[in-house]
Amino acid sequence: MKQFISVYDVITSNNGNINNAINQLVNEALTYKSNPLKDNTLGNHLRLGMLFLNPSLRTRLSTQVAAANLGMETIVFNVDKEGWALEFEEGAIMSGNTVEHIKDAAPILGSYFDILAIRTFPSLKNRADDYSELYIQQFIKYAGVPVISLESATLHPLQSLTDIITIQENRLHKAATVHKKPKVVLTWAPHVKALPQCVANSFAQWVNAWGEADFVITHPEDYALDEQFTKGATITHNQAEALKDADYVYVKNWSTYNDYGKVYENDPAWMLTNETLALTNNAKVLHCLPVRRNVELSDEILDGPNSLITTEAGNRVWAAQAVLANIIKTMKKG
Amino acid sequence: MKQFISVYDVITSNNGNINNAINQLVNEALTYKSNPLKDNTLGNHLRLGMLFLNPSLRTRLSTQVAAANLGMETIVFNVDKEGWALEFEEGAIMSGNTVEHIKDAAPILGSYFDILAIRTFPSLKNRADDYSELYIQQFIKYAGVPVISLESATLHPLQSLTDIITIQENRLHKAATVHKKPKVVLTWAPHVKALPQCVANSFAQWVNAWGEADFVITHPEDYALDEQFTKGATITHNQAEALKDADYVYVKNWSTYNDYGKVYENDPAWMLTNETLALTNNAKVLHCLPVRRNVELSDEILDGPNSLITTEAGNRVWAAQAVLANIIKTMKKG
Amino acid sequence: MKQFISVYDVITSNNGNINNAINQLVNEALTYKSNPLKDNTLGNHLRLGMLFLNPSLRTRLSTQVAAANLGMETIVFNVDKEGWALEFEEGAIMSGNTVEHIKDAAPILGSYFDILAIRTFPSLKNRADDYSELYIQQFIKYAGVPVISLESATLHPLQSLTDIITIQENRLHKAATVHKKPKVVLTWAPHVKALPQCVANSFAQWVNAWGEADFVITHPEDYALDEQFTKGATITHNQAEALKDADYVYVKNWSTYNDYGKVYENDPAWMLTNETLALTNNAKVLHCLPVRRNVELSDEILDGPNSLITTEAGNRVWAAQAVLANIIKTMKKG
């Protein structure tokens, strides 16, 4: 891989067969899980710069741990947006609030670091801007080194790779069922705030590209996601129907895509509970965290035997480690 | 040691004799002071996560230095409380301002790190909540790895261990007096703000458990501390009487415990000066820092020959190093 | 070198010949550029503390990278000024907003770290205070270990060393001209905010001390800098005249020095463009960044072949590495 922005970056390493490429990355991650230090000199004398335009807990810590396991140095830079507002517009006359242009900042970060990892959230105000991924694309254009997304305006690929790893790991624990195509359901859940679509978009993109699941997405009528990510999935507004016989349920809130960034309804009936979980094939439950307990998911599920959520968050390390290792190997071949 | 939250955690490593256990930890710290790198591979491939729910200078830096001396990796996470307000209440419906429950956050931090170190301050509003140590106890309950307090609602054990180290080190410099029981005085001092009781509580808890001092606490009438910590000490409201023949004077402000979190008076007569120091047996003076000069302590004392305060702050490194090493050794035996 | 606060600290290492001393430091930096890891154990078991009283991107990252290249550990401490306001006045009664006196903080930082690096900006309100360099001088006085300026109230020596390195490196690429004295012009540029004089002061101080350039400073009438730095340069208010036949043009805004800290005018005619660049001897252009595009410098220059600005920012690493190595070697000689 030369960068890690979406599922399609995985393909470069496997003759264009994306299912194989994803499975290979998943296997590499699980190998690191069983032996974290197996490549602990691979990253020696390589330096990872992690730039946060938005705050992060799990993503930051898991990626730092992954880099350390590979013997890389990491330097974290939390951007105080008020103190260092970046300009992204070409030709801007910078007499306003932005203090530095991405054209000047990115190449310098690229000169200090061997790999750059960047988090940047959507505005949720201007859909065209957010969905053009202007910020991360400008970083890639000007940085001159491999860029890893730590979540961008519309996608969160380290989370989605983790999700596939977690599902695959769970299937391998039940050897009898590993050859059966699992039913994977992505269900919208209520929340108190307007959240980005990126985790849902990205999960849909990865499960579709992976191709090993019977994939269903369910959400209230106004919460349709962008088709570029969901195409290939069965979509229904009937949560009960979607959950029927599900093997894995991914719970996530998102704000509206069409009338962009709105919260239309918050019907608590969409919260996953043991009652609705009973409709499934004793499904395992995933969530990217942080989770609003008893709003998105009930305590009984989060504290119960069907939750894979802590395992999933732990797997963030192995996803990041597999991605970093893959990019480093590509650089060294380079 | 399996954790480091209060003086009673020390006991586990010494057949229940707390005086011996404290002295052994003090000796280990002083050994590190004379040879900082003597165990510089002990912590290799172990990772310390330092989580600050409240700001820190000395505690953060000294613990990072200590971990580095042991060959450990450290990752610091300063929590922006507005961005990542944790929920601690069981069964909460999280539709308010808290974004993540400790039950979800702590096990994940425990999966990323081998040891967690946490700072969390009291509210100074609700005494029952503060004195139940809800925050740090919930971390311990859910983290699944050893937890070190970097100051909690009611205690500051790394500071108190440092204080004993500093007193003991000073006694050893005067070999003739090492067998005489020193008189140690904890005196309240004025301040402009309402401060936690934790440094005072913790110092009292440690000196009492150590048992090698004639221990006197002096404060204005309304500033009594919780008996669970002070029991065993002589308590007086007469500072002059307390200071008489003292060998060590620990100066510290705290807010009221009974009518919780208030500043009742700020009589400048309680500020330690050379005049009041003249009542002592040429006592050495300690303070945990930061200090409000000419409010808590006069310049003449801070800049004079009786101050051990800079030495004491430097000793924070060796206290943290002894604690980390002790916990690592317990983990390795485990 | 025993510290790095101004150009005059360089001299101690070269029998008082400042031109030789600067050139030697420049050569060391360029040697590191061609072989970053050549001294990668020099800093082993040495610890650099970086304390930011003001925010930093390039300076922080380049110095961290430089320290890592030398095998040093670095710990960064960003001071939240509201949470940790330092007192610098001797004898202060600290009943106000400052929470810790530099006399107490600095020696402790000196006990935790082998070298301290500090950034502290001017107030731009009180010239006498700013130009006395009270903050950094108090740190030096009380820290007890070598101090490196990461930009102080009136100077920015790591930037200026970088600037000389960048000019010298560019001259060496054109072997035919290396023996000709280059014409170096420092030109004021418009900006939307009142900025410190330190980059301009420092560049003037270094170019004058270096002595290998025909040095001209040009600025609007009210923008004269302090003579202690500019003495030796030709000063003119006619930018066109200054730029004539220039080999290197350093572009920088600063606020007024005499009527201190003001913005008197912002005549866009002072912005460097290809039109004004045509007056020069095909001059290379430098700027310390961040730059306000199309306010200080036009896009056409920043994106054109005459800009050395990205190279210059990259060279920050080698300047910091040469300074750190030099100080470490002095410490080891002891």
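Both faces of strand S1 of chain C are covered: on one side C:Arg47, C:Gly49 and C:Leu51 are buried, and on the other C:Leu48, C:Met50 and C:Phe52 are buried as well. Buried here means under 20% relative accessible area, while exposed means over 50% and partly exposed lies in between (1.4 Å probe, protein chains only). The structure is a predicted model, in which local features need pLDDT of at least 70 and side-chain atom pairs count only at pLDDT 80 or more, whereas totals for chains, interfaces and linings use all residues. Residues are numbered from 1 along each chain as its sequence is written, chains are lettered from A and ligands numbered from 1 in the order in which they are written, and side-chain values use heavy atoms, with hydrogens and water left out.

**Strand S1 of chain C**

This strand covers residues 47-52, and six of its six residues are buried, so S1(C) is largely enclosed by the rest of the structure. Helices (H or I, at least four residues) and strands (E, at least two) are DSSP runs, numbered from the N terminus. S1(C) runs parallel to strand S2 (residues 73-78) of chain C, and six bridges join the two; strands pair if DSSP finds at least two bridges between them. Within this pairing, C:Leu51 stands opposite C:Phe77.

**The interface of chain B and chain A**

The size of an interface is often given as the accessible area lost when the parts come together. Chain B and chain A bury about 2200 Å² between them, with 60% of it on carbon and sulfur atoms; buried area is the accessible area (1.4 Å probe) that two parts lose on being put together, summed over both. Of the area that chain B buries against chain A, 27% comes from B:Phe77, B:Asp104 and B:Tyr112, more than from any other three residues. The contact involves 28 residues of chain A and 26 residues of chain B, where contact means heavy atoms within 4.5 Å.

Across this interface there are three salt bridges, a salt bridge being a side-chain nitrogen of Lys or Arg within 4 Å of a carboxyl oxygen of Asp or Glu. In one salt bridge, the side chains of B:Lys103 and A:Asp303 meet at 2.8 Å, N to O. On the side of chain B that touches chain A, strand S2 (73-78), strand S4 (100-101) and helix H3 (102-112) of chain B each supply at least two residues. H3(B) gives the most, with seven residues.

**Salt bridges within chains**

Side chains of opposite charge can pair when their charged atoms come close. Over all chains, the structure holds 45 salt bridges.

| Salt bridge | Closest N and O atoms |
|---|---|
| A:Lys103 and A:Glu90 | 3.1 Å |
| B:Lys103 and B:Glu90 | 3.0 Å |
| A:Glu151 and A:Arg119 | 3.1 Å |

A:Glu151 is buried at 9% relative accessibility, and A:Arg119 is buried at 5%. In chain A, Lys103 lies in helix H3 (residues 102-112) and Glu90 in the loop between strand S3 (86-87) and strand S4 (100-101), so the pair ties together parts that are 13 residues apart in sequence. A:Lys103 is buried, at 13% relative accessibility, whereas A:Glu90 is partly exposed, at 40%. In chain B, Lys103 is buried at 13% and Glu90 is partly exposed at 40%.

A network of salt bridges links A:Glu90, A:Lys103, A:Asp104 and A:Lys141 with C:Arg293, C:Asp299 and C:Asp303.
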